[in-house]
Amino acid sequence: MPYTTALRCKECSRESELLPVNVCDFCFGPLEVQYDYDAIARVMSRESIKNGPPSMWRYAELLPADPENRVDINAGLTPLIKADRLGKALGLNELYLKNDCVNPTYSFKDRVVSVAATAARDFGFDTLACASTGNLAGSVAAHAARAGIRCYVFIPADLELGKVVGAAIYGPTLVAVNGSYDDVNRLCSEIADRYGWAFVNINVRPYYSEGSKTLGYEAAEQLGWRAPDHAIVPAASGSMFTKIWKGLNELHDIGIISKPNTKMHIAQAEGSSPIVSAYDAGIKDIRPVRPDTVAKSLAIGNPADGYYALKVIEDSEGTGHAVNDEEIVDSMKLLAQTEGIFAETAGGVTIGVLRKLAAKGLIGKDEVTVAYITGNGLKTQEAVQDVAQTVNINASLRDFEDAIKAEDA
Ligand SMILES: *Cc1c(COP(=O)(O)O)cnc(C)c1O
Ligand SMILES: [Zn+2]
């Protein structure tokens, strides 16, 4: 791990060795990877990045894993699309969509898992595992297949079929647990202790979570080396939200962009919105909830990074908003029908919150705005099944013309 120096506790700031652990020995606070930014600034430039691989690994110096040894299914460097039709509908002239639906396993999770799987290999683990709300399952299973190592994936038993099949196809041992994601996560913490496996989002979490920074780096690069004025980010644990902000600030720290003035807006589903509820109440204590939402990939009731996400909202002068199931589904349709992007329910959460921000006048019409679309709609087809209405005919021109006339009438 070329430019990493230590793990540091986010609470007591004590530093410790770079090991597969996620909590501080002294205070049980979460651990974060530290880097030698002076050394990184000497080797990294806009030019060096441009000449790097066409994937998230073009930012390898800022990732806590050995790029020579990487487990790579080509995650990242996804398109940033100027969304003129959706922008017009919302009165925004400078709206961009970061389309992470098109990652190899169809969600942004490939970014975090590519780093975690590489770190796990660096540490010598022989088994890759995770507790998943759905998308992580497929990504971990795919990366384990690519690395040729054993894989155990734990999911809540009520997941969408697209996510179950989308993980099972890679051949992991798939364990469906009767309970919520928070129950699955609690069980997996016990299993991680006993079996010594690399759980990407538990004991390997400090490495895993850093992969989300690439969503910040890429947006800045694709905007012509500038941070956006607004970012709208869907949140489950809140990790990705905090890391996009961290990524933008790191690019500034190593001299690649000017200081970000990005307002960070967090987007949650009403049925699972403990972070937004705390933001609305003006408090920093997260009260866990029992999730009940169509956006299953965001259904975490006790978010590990909730407190830090609230700090990012404060530091960036951003906001937080939640949308209900109907608004989520409606926004999935709006996105598909204006921009040709079929996002999963989490994308509906992002676009639903974007609509609220635009309607409240919180985004200026010429302010550069990036909305993060983090997962693919083919995995959550249940949510929008009602669109599957066909015009049924026999194979005759006459039938077709009669049917079209009836449609028009
Ligand atoms: C996991 C996931 C998120 C949220 O990630 P956190 O870092 O836990 O907040 C967002 N969108 C999709 C599609 C996801 O699968
Ligand atoms: Zn500590």
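Start at helix α11. Buried means under 20% relative accessible area, exposed over 50%, and partly exposed in between (1.4 Å probe, protein chains only). Step on to Gly282, which follows α11 and has a positive phi, near 70 degrees.

A note on the model before moving on. It is predicted: local features need pLDDT of at least 70, side-chain atom pairs count only at pLDDT 80 or more, and totals for chains, interfaces and linings use all residues. Residues are numbered from 1 along each chain as its sequence is written, chains are lettered from A and ligands numbered from 1 in the order in which they are written, and side-chain values use heavy atoms, with hydrogens and water left out.

Next, pick Tyr308 in helix α12. Tyr308 is counted as buried because its relative accessibility is 11%. Beyond neighbours within four places in sequence, Tyr308 contacts Lys10, Glu11, Pro30 and Thr242.

Now select the zinc ion (ligand 2). The SG atoms of Cys9, Cys12, Cys24 and Cys27 coordinate the zinc ion at 2.2 to 2.4 Å. Donors are N, O and S atoms within 2.8 Å of the metal (3.2 Å for Na, K and Ca); water is not among the atoms, so sites may look incomplete. Angles among the 4 donor atoms run from 98 to 119 degrees, and the site is tetrahedral (four donors, all angles between 85 and 135 degrees). Along the chain the donors follow the spacing C-x2-C-x11-C-x2-C. Cys12 sits in the loop between β1 (4–9) and β2 (15–16), and Cys27 in the loop between β2 and β3 (31–35), 15 residues apart. Cys12 is partly exposed at 30% relative accessible area. Cys27 is partly exposed too, at 33%.

Last stop: helices α13 (residues 325–339) and α14 (residues 345–359). Their axes are 7 Å apart and cross at about 90 degrees. Axes are lines fitted to C-alpha atoms over the stretch in contact, with angles from 0 to 180 degrees between N-to-C directions. The pair is therefore roughly perpendicular (65 to 115 degrees). On α13, select residues including Ile328, Met332 and Leu335; on α14, Val349, Ile351 and Arg355 are among the contacts.

Key. Four donors count as tetrahedral if all angles lie between 85 and 135 degrees; four count as square planar and six as octahedral if opposite donors are over 155 degrees apart and all others between 65 and 115; anything else is irregular. Helices (H or I, at least four residues) and strands (E, at least two) are DSSP runs, numbered from the N terminus. Angles under 35 degrees count as roughly parallel, over 145 as roughly antiparallel, 65 to 115 as roughly perpendicular and the rest as oblique. Contact means heavy atoms within 4.5 Å.
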